[in-house]
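Hi there,

Here is the structure I promised to pass on to you. Have a look at it first, and then read my notes below.

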Amino acid sequence: MRYAIGVEYDGHEFHGWQRLGSAEETGKGSVQAALERALSRIAAHPVSTTCAGRTDAGVHARCQVVHFDTEAVRTPRAWMLGTTTHLPPSVCVRWCKEVPDDFNARFSARARHYRYRILNRPVRPALHRQYLSWELRALDAGAMHRAAQALLGEQDFSAFRTVQCQAPHARRDLQRISVVREGDEVIVEVQANAFLHHMVRNIVGSLLEVGAGVRPEAWVAELLAGRDRSLAGPTAPAAGLVFLGPLYPPQWQLPAEVTLAP
């Protein structure tokens with residue numbers, strides 16, 4: 001049987017999602033390794049997982065979707081609660097659902113969406129600092145939002161990918177991006193069919209230059225057209241980024257938070 005699960009995690013104590021031997025040996029493990037150990041205990045056999053989208057060190061997830069195959073007979077509730085029992089406090093399984101064999105957490109997804117939170121005040125945060133980045137310069141969220149609209153559509157995002165990115169090409173369809181201010185916080189939300197390595201954090205880093213008045217709004221469009229990462233803004237810190245989750249067609253009958261509107 002194949003199951004899909006929704007996984008929530010605090011990424012600050014992990015090196016990222018993906019299981020890597022060297023990282024597991026040094027004691028700062030991956031979310032994937034912790035999850036597979038817990039699932040294997042419930043299944044009573046080794047379990048391998050596939051996720052919707054890998055996250056970097058320090059990045060959090062509200063609903064990472066994962067699928068796995070097993071011959072063990074357990075109820076979805078047993079997978080959810082039993083697996084969570086064997087996970088560290090920073091990770092939990094929020095839901096579990098049996099899915100058809102042709103469902104794939106990565107390839108069946110049609111979009112992914114992220115949220116980036118920036119505390120914008122003169123003093124650094126003391127509370128919730130692992131879930132926020134901090135910018136002491138006054139930011140114009142309206143200017144950031146207007147500049148970001150140049151990124152919409154299917155584009156070549158070479159200017160916003162890390163040099164370590166292993167994707168075969170840089171074309172992505174950015175479906176939605178917004179920047180709003182809520183009190184002392186500036187919140188960036190981005191949705192695309194898929195993302196390049198560090199793409200969201202590199203976009204935010206460039207938008208911060210616009211928001212602080214260092215660069216004009218038109219600069220973001222120029223960066224996109226130029227396709228030169230070395231000219232763009234710095235990579236924003238990982239702490240402010242949360243993977244809200246992937247989005248799937250209604251045919252898979254997954255929970256509403258990961259299902260595209262009809």
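**An aromatic pair and its surroundings**

Tyrosine 114 and phenylalanine 195 are both buried. Please keep in mind that this is a predicted model.

How many aromatic pairs are there by the rule used here? The count comes to 9. One of them is formed by tyrosine 114 and phenylalanine 195, in an edge-to-face arrangement with 5.0 Å from centre to centre and 80 degrees between the planes. This pair links distant parts of the chain, since its residues are 81 apart: tyrosine 114 belongs to strand S5 (residues 111-120), while phenylalanine 195 sits in the loop between strand S9 (185-192) and helix H5 (199-211).

Tyrosine 114 also turns up among the contacts of threonine 55, which include Tyr9, Gly16, Trp17, Gln64 and Phe243 as well, once neighbours within four places in sequence are left aside. You will find threonine 55 in the loop between strand S2 (49-51) and S3. Is threonine 55 buried or exposed? Threonine 55 counts as buried because its relative accessibility is 7%, and the cut-off for buried is under 20%. Its side chain makes a polar contact of 2.6 Å with the side chain of tyrosine 9.

Next, look at helix H3 (residues 76-85), where the buried residues are Trp79, Met80, Gly82 and Thr83. Strand S1 (2-9), helix H2 (31-43), strand S3 (60-69) and strand S4 (91-99) are among the elements that cover them. Trp79 also forms one aromatic cluster together with Tyr3 and Phe68.

Conventions: Residues are numbered from 1 along each chain as its sequence is written. This is a predicted model: local features need pLDDT of at least 70, side-chain atom pairs count only at pLDDT 80 or more; totals for chains, interfaces and linings use all residues. Side-chain values use heavy atoms; hydrogens and water are left out. Buried means under 20% relative accessible area, exposed over 50%, partly exposed in between (1.4 Å probe, protein chains only). Helices (H or I, at least four residues) and strands (E, at least two) are DSSP runs, numbered from the N terminus. Contact means heavy atoms within 4.5 Å. A polar contact is a pair of N or O atoms within 3.5 Å; within protein, one must be able to donate a hydrogen and the other to accept it, and residues adjacent in sequence count only if both atoms are side-chain atoms. Rings of Phe, Tyr and Trp (its six-membered ring) pair if their centres lie within 6.5 Å; planes under 30 degrees apart count as stacked, over 60 as edge-to-face and the rest as tilted.
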